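Please read the points below alongside the sequence and the model.

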Amino acid sequence: MIKDFSEKSSYELTNSTKGNKSYIDKLQKAKSDQLYNIAFEILNDVANIDLFGTEKEESNTYNEDHPFKLTFENKVITAKSARKLYTKFAEAVIENPSYEAIIKKMVVEGCPTYSLIFGSEIGNYNGYPNAVRLSNGICLYNNLSRKALREKINTIAQQVGVEYEILKWG
């Protein structure tokens with residue numbers, strides 16, 4: 001975990017050791033790797049928790065380190081997480097004046113929800129924000145599983161009548 005945090009995270013590590021180097025047999029190593037993978041899959045796919053803080057990247061250019069990629073209207077959008085790809089896609093749609101009227105009709109007064117994904121305010125769940133502000137008066141609900149994020153990308157595309165293609169999904 002220390003190695004993963006130092007390589008994948010933007011957080012500053014304060015652990016003064018380099019990690020435990022004691023011997024572990026192959027069976028125990030396999031079991032620990034399996035547990036590690038299950039834990040991170042649950043955190044990422046179910047709880048939508050980005051443990052390594054990788055959602056801060058801003059580039060819209062393709063990068064092999066970005067496991068999520070889609071294209072629409074001659075634009076390529078990449079991200080390190082499904083949630084960030086969903087957010088960037090929604091931002092790109094909102095920036096297009098052709099879709100402004102359609103998006104404004106989709107915005108509900110107050111906080112967005114699972115089914116009404118655009119709202120005028122950021123809500124919260126257990127004290128944590130469950131939406132992100134895309135522009136003045138438009139917030140996007142993003143407390144979703146990976147599967148739901150993909151469905152909501154499709155929902156946005158269908159509502160505004162834009163074609164897209166997911167090229168890479170994790």
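1. Cys111 is in no disulfide, and its nearest cysteine sulfur, that of Cys139, lies 8.0 Å away. The separation of 8.0 Å between the sulfur of Cys139 and that of Cys111 is too far for a bond.

2. This is a predicted model, in which local features need pLDDT of at least 70 and side-chain atom pairs count only at pLDDT 80 or more, while totals for chains, interfaces and linings use all residues. Residues are numbered from 1 along each chain as its sequence is written, and side-chain values use heavy atoms, with hydrogens and water left out.

3. Are the two cysteines, Cys111 and Cys139, buried or exposed? Cys139 is buried, at 0% relative accessibility, whereas Cys111 is partly exposed, with a relative accessible area of 36%. Here buried means under 20% relative accessible area, exposed over 50%, and partly exposed in between, for a 1.4 Å probe and protein chains only.

4. The structure contains one salt bridge, defined as a side-chain nitrogen of Lys or Arg within 4 Å of a carboxyl oxygen of Asp or Glu. Lys104 pairs with Glu100 in a salt bridge, their closest N and O atoms being 3.3 Å apart.

5. Where do Lys104 and Glu100 lie? Both belong to helix H4 (residues 100-106), four residues apart, and are therefore separated by about one helical turn. Helices are DSSP runs of H or I with at least four residues, numbered from the N terminus. Lys104 is exposed, with a relative accessible area of 54%, and Glu100 is partly exposed, at 40%.

How values were computed
Disulfide = S-S within 2.5 Å. Helix = DSSP H or I, 4+ residues; strand = E, 2+ residues; numbered from the N terminus.
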